[in-house]
Amino acid sequence: MEKFIVDGPTKLVGNVTIAGAKNVALKALVASLLTDEEVIIDNVPQIRDVHLMIEVLEHLGKHCTFKNSTITIKKNSSHTCTVPLEVGARLRTSSMVLGPLLSRYGKAIIPNPGGCRIGARPIDRHIEGLKAMGASISYASADGYFHAKVSDLHGAEITFEKNTHTGTETLLLAAILAKGTTILHNAAQEVEVDDLIELLRTMGAAITRTANREIIVEGVSTLHGTTYTIMPDRNEEVTFAVAAIASTGDITVHNSRPQYLAAFLKALSRAGGGWEEIDTDTTRYFYKGELQAVDVVTGVYPGFMTDWQAPWALLMTQAKGESVIHETVFENRFAYVEELKKMGAKIAYFDPKVKNPEEFYNFNWNDHIRGMHQAIRITGPTNLHNAIVSINDLRAGATLLLATTIGSGKSYLYGIEQVDRGYEHIENRLTTMGAHIERVRGDALS
Ligand code: EPU
């Protein structure tokens, strides 16, 4: 068991280069299953989820070499259609192999997907879409696996009842080699989906975004290999922007993509956070004086991303006044709140008045847990202090690492494998900017 020991407070100052987007890298690896030819993916972050996905691919008959930030994927001698429980259940995106396996081999057996514990996170929208394309899929509670098969995967016209990011990508990956045309209505617009589409086009896929939230896929008979560089991770950029401003510091971000952060930058400007574009892929984030409370409501693209609300909450603990965060995408994404409260943050849960929650929220309202709140009220500014904190999910983990960095005293963070799932050597990068973070093995509080 590893933990971080963090000695604060630190004003973070320096430079950082944003790594490749986790939420594209994982899907790019799945896309390699659509061909027997060599696929080379550049700008891949060295993170735990990528290593888990490599394990999934190797079980399915690929051979992967991961050097620096480049993964080369080649066909191995044989393939299988089963993702083992011990790998698949630890990685939500492992379920995305359903599409390539069904379209190429007519069969897939995958465990109930894992991932961050930020709600029920079912995959019903993915499954319904695949069924509309001709697949028969059943879940065996006896073994915890989805068993899927199809004799002839075909195109279909599918309307997602609600937004689903990986659901859209799962159906894209299925439709490319299916017979005929697939039309996805109410498809996700997240920029990571578009990066995956670009990659698939370089492999020979025929995919067009025909209207707002509509994608058309014309099935093709084969795909070929490719070399593709994936986009930088916009969630990392937000993390470092908050790191700079919440710590009253100054960080220059390289590989920056402010065009994908419009909702965040708008809120940041209103809060009085400093940022300026230095050139097309460099942005400086800096503290320029007292911060003001700003409310945010999370939403699908181009809204304020759910992944940004935990770091935003930290920023708001440093802002003057009362701010509100209303989470609408996931039903359980405030696990970091109790940990921030241990550090002195003043945060209260409340239930916003919502006329029609079934329609308003992105998660299935049936998954809402009684007594679980969808909003918090933060009163600031507060001087955060040290604590022993546990990390429950990826974005919460990065937020708590920053909180302990700006808070005074020595803190201990447990559950850091959650952070390793999505941030490449984050403690080293923060250390070069002045943070005092030590990764320690074992249980002792020393
Ligand atoms: N949902 C269902 N049924 C489905 C699909 C989704 O009920 O079949 C619910 C989810 O439980 C959630 C909401 O609908 O409450 C939205 O889910 P969506 O499918 O859009 O999210 P996701 O694909 O599971 C991806 C990212 C998340 C990111 C969200 C929102 C990946 C691997 N994950 O999740 O990233 O927060 O989209 O953009 O792409 C992270 O990186 O830490 C992370 C959680």
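Biologist: Which residues come nearest to the ligand?
Modeller: This is a predicted model: local features need pLDDT of at least 70, side-chain atom pairs count only at pLDDT 80 or more, and totals for chains, interfaces and linings use all residues. Numbering runs from 1 along each chain as its sequence is written, and side-chain values use heavy atoms, leaving out hydrogens and water. A residue is near if one of its heavy atoms lies within 4 Å of the molecule. Of the 26 residues around the ligand, the nearest are Asp-124, Arg-125, Thr-164, Thr-166 and Val-329.

Biologist: How far is a ligand oxygen from an N or O atom in the Thr-166 side chain?
Modeller: Polar contacts are pairs of N or O atoms within 3.5 Å. A ligand oxygen lies 2.7 Å from a polar backbone atom of Val-329. For the side chain of Asn-23, the distance is 3.1 Å. For the side chain of Thr-166, it is 2.5 Å.

Biologist: How much of the ligand's accessible area does the protein cover?
Modeller: Accessible area is computed by the Shrake-Rupley method with a 1.4 Å probe. On its own, the ligand has 830 Å². The protein covers 97%.

Biologist: Which residues of α5 are buried?
Modeller: Helices are DSSP runs of H or I, at least four residues long. Buried means under 20% relative accessible area. In α5 (residues 124–132), the buried ones are Arg-125, His-126, Ile-127, Gly-129 and Leu-130.

Biologist: Which elements do the buried α5 residues pack against?
Modeller: Contact means heavy atoms within 4.5 Å. Strands are DSSP runs of E, at least two residues. The partners are α4 (98–105), β7 (136–140), β8 (145–149), β9 (157–159) and α6 (165–175).

Terms used
Buried < 20%, exposed > 50% of the residue type's maximum accessible area, 1.4 Å probe, protein only. Polar contact = N/O pair within 3.5 Å; in protein donor to acceptor, adjacent residues only side chain to side chain.
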